[in-house]
2 protein chains.
Amino acid sequence: MNRLFRQFSFPGGIPSHVAPDLPGSIHEGGELGYSLSHAYGAVLDNPDLIVACVIGDGEAETGPLAASWHSNKFIDPRTDGAVLPILHLNGYKIANPTVLARIGDDELNSLLEGYGYRPYLVSGDDPEIVHQQLAATLDRALDDIADIQYEAKAEPDAPRRDWPMIVLRTPKGWTGPHEVDGVLVEGTWRAHQVPLAGVRTSPEHLAQLETWLRSYRPEELFDDEGRPVPRLLDLVPEGDRRMGSNPHANGGLLSRDLKLPDLAEYAAEVPHPGAGPHEPTRTLGRYLRDVMRANEDQRNFRVFGPDETSSNRLEALYEVTGKAWNAGVLPTDEHLAVDGRVMEILSEHTCQGWLEGYLLTGRHGWFSCYEAFVHIVDSMVNQHAKWLKVTSKLPWRRPIPSLNYLLTSHVWRQDHNGFSHQDPGFIDHVVNKKAEVIRVYLPPDTNTLLSTAKHCLASHDYINVIVAGKQPQESWLDQEAAELHCARGLGVWPWASNDDGEPDVVMACAGDVPTLETLAAVTLLREHLPELRIRVVNVVDLMRLQPAAEHPHGLPDPEYDALFTTDKPVIFAYHGYPWLIHRLTYRRAGHENLHVRGYKEEGTTTTPFDMVVRNDLDRFHLAMDVIDRVPGLAQHAVEFRQWLIDQRTRHHAYILEHGDDLPEIRDWHWPVQEGTPS
Amino acid sequence: MNRLFRQFSFPGGIPSHVAPDLPGSIHEGGELGYSLSHAYGAVLDNPDLIVACVIGDGEAETGPLAASWHSNKFIDPRTDGAVLPILHLNGYKIANPTVLARIGDDELNSLLEGYGYRPYLVSGDDPEIVHQQLAATLDRALDDIADIQYEAKAEPDAPRRDWPMIVLRTPKGWTGPHEVDGVLVEGTWRAHQVPLAGVRTSPEHLAQLETWLRSYRPEELFDDEGRPVPRLLDLVPEGDRRMGSNPHANGGLLSRDLKLPDLAEYAAEVPHPGAGPHEPTRTLGRYLRDVMRANEDQRNFRVFGPDETSSNRLEALYEVTGKAWNAGVLPTDEHLAVDGRVMEILSEHTCQGWLEGYLLTGRHGWFSCYEAFVHIVDSMVNQHAKWLKVTSKLPWRRPIPSLNYLLTSHVWRQDHNGFSHQDPGFIDHVVNKKAEVIRVYLPPDTNTLLSTAKHCLASHDYINVIVAGKQPQESWLDQEAAELHCARGLGVWPWASNDDGEPDVVMACAGDVPTLETLAAVTLLREHLPELRIRVVNVVDLMRLQPAAEHPHGLPDPEYDALFTTDKPVIFAYHGYPWLIHRLTYRRAGHENLHVRGYKEEGTTTTPFDMVVRNDLDRFHLAMDVIDRVPGLAQHAVEFRQWLIDQRTRHHAYILEHGDDLPEIRDWHWPVQEGTPS
């Protein structure tokens, strides 16, 4: 039992609302159902930690909770701690009985055994008896855990064993008013609400309240001045042994910064803009591999993803670690390891819950996900953002490592998977949360992705969303230029511009594919309209677009005005839903001159270039937008505009016949020019 | 077997991407994991329908799928059809083995029995043998289903029995290339990808492809002109018996309109603006009750909600139906019924999946949910919206009833639950989807809610989002005025305005609480600045704000300009995140004069009025916004402005001391004036 009190912790176990002033309470556990995945995240790489996780039987009906029981197949009993799930079967939610309380003990046992647990039932309604039963069962469960961990260390090849768990069946509203106004309350769903709603007006209710509260015999618990009596205080453990002071529940206390290798070794060689092709996420994978290696001794970094780490081309990681897996193995399997540090299960909810638990206990993580499917965790992200917002104001709470998303296999390169996989709206979702905690990055190429990733891995208390493609693509900036560009967050690309400080039009872009199309449009415009002065502005850090008063990264107005002008048309090619750019910039001078192209929910299974054509984000349409918006240009450029229309028509005909993009699209390259940086 | 082929249907069983051109294929089943809840939704009130639902073992790892196994506790074997889950254990997802394939048969059986099923295992890798085994097992399973349904009809009180299901264990990539380039493909995760990636360049791959395709002996299957041979065609069932022609998979074919009672009987009596208080959702509950009653013979209406139907005050429904429940029952339970038509489980995912399955098969539904937690189904809504967008272009697909959300217990009245329950961002999420399918309504009072609800229940092929409070509140419009207002979607409220067509300021509002605060601000302004000409515009149909070119409900520019003016300040009090209003109106004339107040992610457990104060949406701040923005007013109204500031300070002090709002806030009423409509 000594071990219990030394190491017991409830990081995920209190299904309360966002209550960051309680160290042991993390987020809304109930309706969202992630207390159990949080608990498992907390014990990863914490071999001496046992987390008792109380799961409400209402919460147990949610999908995220139902999936997370299987987390026990991803735990290494030698190098991770243990979770002791306590399914609290009080039988009711707000207005109904719970499913698990009404399927009978046989089915329930069968279910929990099927999840890989050995359930111990503690059941009753006499507090004295249940208390002793629970204590004895806790002892038994902790012995089981010790036994499993001991055996695993003694016999490394021992198969996975059932972990203990407790089913605690007690009445809802236990020891509260039994009946109110002749209706049963204790032991029914009515106890979920205020049991005595009429204490202000009903003398009977008031009397019942008094009887209820006196039933706890406060005169034995407190002295005359209302202080707990010494007998009680003597029971309280000291220092970090107090549940509320467990440092794992204020993870920043335990957090150690990641050792982050220098980027030079990984940077793509970019002797001129348009060099390559390079594979951004594959390159990043090599960097993440070496981050993993550099922190092997600290054991405080893991990579999470719903079965997509390889698909997202981060598989260099497997050179230094495996995928966590403690279920059956076949000789043909690859990269599975009981102590693997890549966490994969086909449940974004479980990945997110594990990662949050890992971060909240002070460690670092990286979540890669197909862009469209990260919406699955929208509501979990909400709660994490709210928690970060509130805790940042609590002086005793120490910063925790940021929640880092890499969204790849993004909207513009899901041409083969089709419309269901095309959704860039997660950015819109997160920017509704408090500006202090939200960062969104759209690195346009390999070196900017590396620079962004390193920055995010070193940061704290943010939610960082990085969107970057995995397909081979041109690089625009060498390492030094990329780091400077990312440090600024946005900037003019002089090598692509010919405005000499006096642009006729600003062509802005954010995101890899929009950047490509913008640059391709620029080459067309400069060839056909050489007198047109074009400024190209690329945006990596989306939040720089907001006014400085709205976001900590917001660009001061004079800088914004200098970059985008206050009176020239701005054609903005954006990765996501175009109106987000308007939402970020509506207070900026010259907003009426801003014309944004982006994803407008048009897609199907088609060619990559057809995806941009369908959404009018293609080079031809961007060039037309310039012609239509630069005063006086339309009449002069009428033949060129007609040619642009025709290119789109040729495109439609060609893909129908060949099922592939026009050769001049597939083979397009930025023309190497004198004066571009080497 | 005859029954099988007559009634077999796969509405939820093909885990493909959005492929609305296949009648039997519904949405993205895989990563989102709702094939099983879809299937259960399809069989509700379809007693002659059996849906075989193939569940991938990857999909089975997702939370939504894991939760939906328990759907069998919500099925009435007498009045509903049956689902036959087929867990296809091919062992791998994209890059990993699946959990359920690697926990051993004992644990898997235990798990499925715990979910309430009787699993039949069909396993093998010889197609001829597996085919016969599967046919025999299907026979057996259908016999079991018939037996369960027969017994339930014979003995109405018979307890719930285990439903049959099939575990089908076959190799992944079965009958495809066994080895490619010396590496095993068949029976591994590699078969998830393109098995022969090099057919264009590698003669070996091309030869393997030929061998593979020839292994199906096409010469025996097709005649010389490529038509299937008669022997094959003879196997195809005829007419509706063909899987692709099953009318349940094109539910609009079977759909019958709801009989919708007239609203007069339910309307709140509103002799003057500010009458009441009335409870909007409780009143709506009485209407839904009678919709339920009026369609009892059609059995094509159900109400869905995550344990919140009563909490959302729709409980009048229980006067005519119960909550579906086929698990254990205690004497103290209320309103549970095996054939109940209110569907409650504490899983938004399962509710959403059931409802989608019900709608896709042509029936009608209503989903009530706490506003903050509807984000749980963000990704499911995405897929439904995409599906509606694409199917609306397919002439043979018939319209299906709309997906109707009532979001209540909304952001402004979650003062007791706290910050975690405060999130109005679902509106932002849905408006990113295609305008043709999205409708958003913010009825400001009881009668406008009734009118909106009736309109939505009669509509097709939309996603309707209605946001309305459940707390007792003032009514502003009588039934006739409410119906006219809702038909317009927005309009001037003359009884609250004194502009005589020449306003100094437009005070716009959308949502019940913002409307209350706007009207309260108007009374302050009219008392202190009687010469100020104020126009009050209320918006019910949010999409009217968008330009007509952007949304079918978009107001033509001349109408918009007439209502909001092109040159006067507009102070817009909005229910949700304020920038959404800017995103909808940035193309409108006078957008630079628009000043929006809304929820800016400030909240906690506090008083109702403090919620609006924290977000600067309160009457005092709105009045200050008017003073600050009407040219020339600031200097004149300096004392009044100071008084407004002081009221906010008084408020802060008062709630700290009393834990409740100031009496003049709690007891505020719209002053009954001459000239207001009776």
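Strands S21 (residues 570-574) and S22 of chain A pair in the parallel sense over 4 bridges, where two strands count as paired if DSSP finds at least two bridges between them. Within S22(A), Arg597(A) is the bridge partner of Ala573(A). Helices (H or I, at least four residues) and strands (E, at least two) are DSSP runs, numbered from the N terminus. The model is predicted: local features need pLDDT of at least 70 and side-chain atom pairs count only at pLDDT 80 or more, whereas totals for chains, interfaces and linings use all residues. Residues are numbered from 1 along each chain as its sequence is written, chains are lettered from A and ligands numbered from 1 in the order in which they are written, and side-chain values use heavy atoms, with hydrogens and water left out.

The pair S21(A) and S22(A) belongs to an open sheet of 5 strands with mixed pairing, in the order S18-S20-S19-S21-S22 (chain A). Its edges are S18 (490-492) and S22 (594-597) of chain A, each of which pairs on one side only. On average, neighbouring strands of this sheet are turned by 20° against each other, direction ignored. Axes here are lines fitted to C-alpha atoms, for helices over the stretch in contact, and angles run from 0 to 180 degrees between N-to-C directions. Helix H15 (residues 512-528) of chain A lies across S19 (505-510), S20 (534-539) and S21 of chain A, and runs at about 155° to S19(A). Helix H16 (residues 557-564) of chain A lies across S18, S19, S20 and S21 of chain A, at about 130° to S20(A).

Another strand to consider is S16 (residues 463-467) of chain A, of which 5 of 5 residues are buried (under 20% relative accessible area; exposed is over 50% and partly exposed in between, with a 1.4 Å probe and protein chains only). In a regular strand, side chains alternate between the two faces of the sheet. On one side of S16(A), Ile463(A), Val465(A) and Val467(A) are buried, as are Asn464(A) and Ile466(A) on the other. S14 (residues 403-408) of chain A runs parallel to S16(A) and is joined to it by 5 bridges, with Asn404(A) partnering Asn464(A). S15 (residues 438-441) of chain A is also parallel to S16(A), through 4 bridges, and Ile438(A) stands opposite Ile463(A). From S15(A) the chain passes through helix H13 (residues 446-457) of chain A to S16(A) in a right-handed β-α-β crossover, meaning that, with the strands pointing away from the viewer, the path from the first strand over the helix to the second runs clockwise.

Helices H10 (residues 348-360) and H11 (residues 378-391) of chain A have axes that come within 11 Å and cross at roughly 15°. H10(A) and H11(A) are therefore roughly parallel (angles under 35 degrees; over 145 is roughly antiparallel, 65 to 115 roughly perpendicular and the rest oblique).

Some backbone details remain. The peptide bond from Gly276(A) to Pro277(A) is cis, with omega near 5°, and Pro277(A) lies in strand S8 (residues 275-278) of chain A. In chain B, a cis peptide bond joins Gly276(B) and Pro277(B), with omega about 5°. Asp307(B), though not a glycine, has a positive phi of about 70°; at 1% relative accessibility, Asp307(B) counts as buried.

Notes. Contact = heavy atoms within 4.5 Å.
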